[in-house]
Amino acid sequence: MENGSDKQLLAAHVRGEPHAFAELLRRHKDHLWQTALRTSYSREDAADSLQDALLSAHRTASSFRAEAEVRSWLHAIVVNACLDRIRRNKTRRAISITPDVMPEAVDSRDEFAEFELSTVVEEALFTLPEDQRLALVMVEMEGRSVSETAALLGVAEGTIKSRCSRARVRLQERLEFFRDPGNRI
């Protein structure tokens, strides 16, 4: 059924063929994601709206009227889901806690896990006192030398070494759960 038209795939889904809807989504996922992004105020809302829309389309596929194109039908469901979320959000103000530039959704679990790990580490970094976090970031992440970091921050080299050491200990405590092999990438 992979080579069938969109209408044939939707009809196959309604008949209960297991992979028909997944094939339909594979064909249109990029367009639907871009539609959700353009219609929503944040990436989080776009992702949530797209998920709501796809669930709705999956459940209501039997109500599809064949005079429209399947892509147009899916597009309308995504737009309506986004608009519904915008209306719901007007009653409660939501604040995005993710960076403005998020990587595109990826298929590989390993890439997602790496992103997830970097988010956990970043959150742990922001629990550190500012002086320790700044020293550690400059030395470990930016690759600056201890002496260069000390000069930029106007403190002694020993102070930078001490701040980095204390920061590493605190991070180790906060990230201890990664010692369990089941919690690693």
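Biologist: Hi! Does Val137 count as buried, partly exposed or exposed, and why?
Modeller: Val137 counts as partly exposed, because its relative accessibility is 21%. Buried means under 20% relative accessible area and exposed over 50%, with partly exposed in between (1.4 Å probe, protein chains only). This is a predicted model, where local features need pLDDT of at least 70 and side-chain atom pairs count only at pLDDT 80 or more, while totals for chains, interfaces and linings use all residues. Residues are numbered from 1 along each chain as its sequence is written, and side-chain values use heavy atoms, leaving out hydrogens and water.

Biologist: Thanks. Which helix is Val137 found in?
Modeller: Val137 is in helix H6, which covers residues 130-141. Helices (H or I, at least four residues) and strands (E, at least two) are DSSP runs, numbered from the N terminus.

Biologist: And what is Val137 in contact with, leaving aside neighbours within four places in sequence?
Modeller: Leu125 and Glu142. Contact here means heavy atoms within 4.5 Å. Leu125 is 12 residues from Val137 in sequence, and their C-alpha atoms are 8.8 Å apart.

Biologist: Which residues of H6 are buried?
Modeller: Those are Gln132, Arg133, Ala135, Leu136, Met138 and Val139. Just after H6, Gly143 has a positive phi of about 75°.

Biologist: What share of the chain counts as buried?
Modeller: Of its 185 residues, 29% are buried. As for contacts between residues at least 6 apart in sequence, 56% join residues at least 24 apart.

Biologist: Now H2 and H3. At what angle do their axes cross?
Modeller: At roughly 145°, with the axes of H2 (residues 20-39) and H3 (residues 43-59) coming within 10 Å. Axes are lines fitted to C-alpha atoms, for helices over the stretch in contact, and angles run from 0 to 180 degrees between N-to-C directions.

Biologist: Is that crossing left-handed or right-handed?
Modeller: H2 passes H3 in a right-handed crossing. A crossing is right-handed if the near helix is turned clockwise from the far one by less than a right angle, and left-handed if anticlockwise.

Biologist: Which residues meet there?
Modeller: From H2 there are Phe21, Leu25, Leu32, Trp33, Ala36 and Leu37, and they meet Arg43, Ala46, Ala47, Leu50, Leu54, Ala57 and His58 of H3. By class, that contact has 11 nonpolar residues, one polar and one charged. Ala, Val, Leu, Ile, Met, Phe, Trp, Tyr, Cys and Pro count as nonpolar, Asp, Glu, Lys and Arg as charged, and the others, Gly among them, as polar.

Biologist: Which residues are buried in H3?
Modeller: Asp45, Ala46, Ser49, Leu50, Ala53 and Ala57. Seen down the axis of H3, they fall within an arc of 130°, so they line one face of the helix. The arc is that of the directions from the helix axis to the C-beta atoms.

Biologist: Back to H2. What does Thr39 touch, leaving aside neighbours within four places in sequence?
Modeller: Thr39, which lies in H2, is in contact with Val79, Cys82, Leu83 and Ile86. Thr39 and Ile86 are 47 residues apart in sequence, with 9.1 Å between their C-alpha atoms.

Biologist: Last one: does Glu173 count as buried or exposed, and why?
Modeller: Glu173 counts as exposed, because its relative accessibility is 55%. This residue is in helix H8 (residues 157-174). Its C-alpha is 9.7 Å from that of Ala124, which is 49 residues away along the chain.
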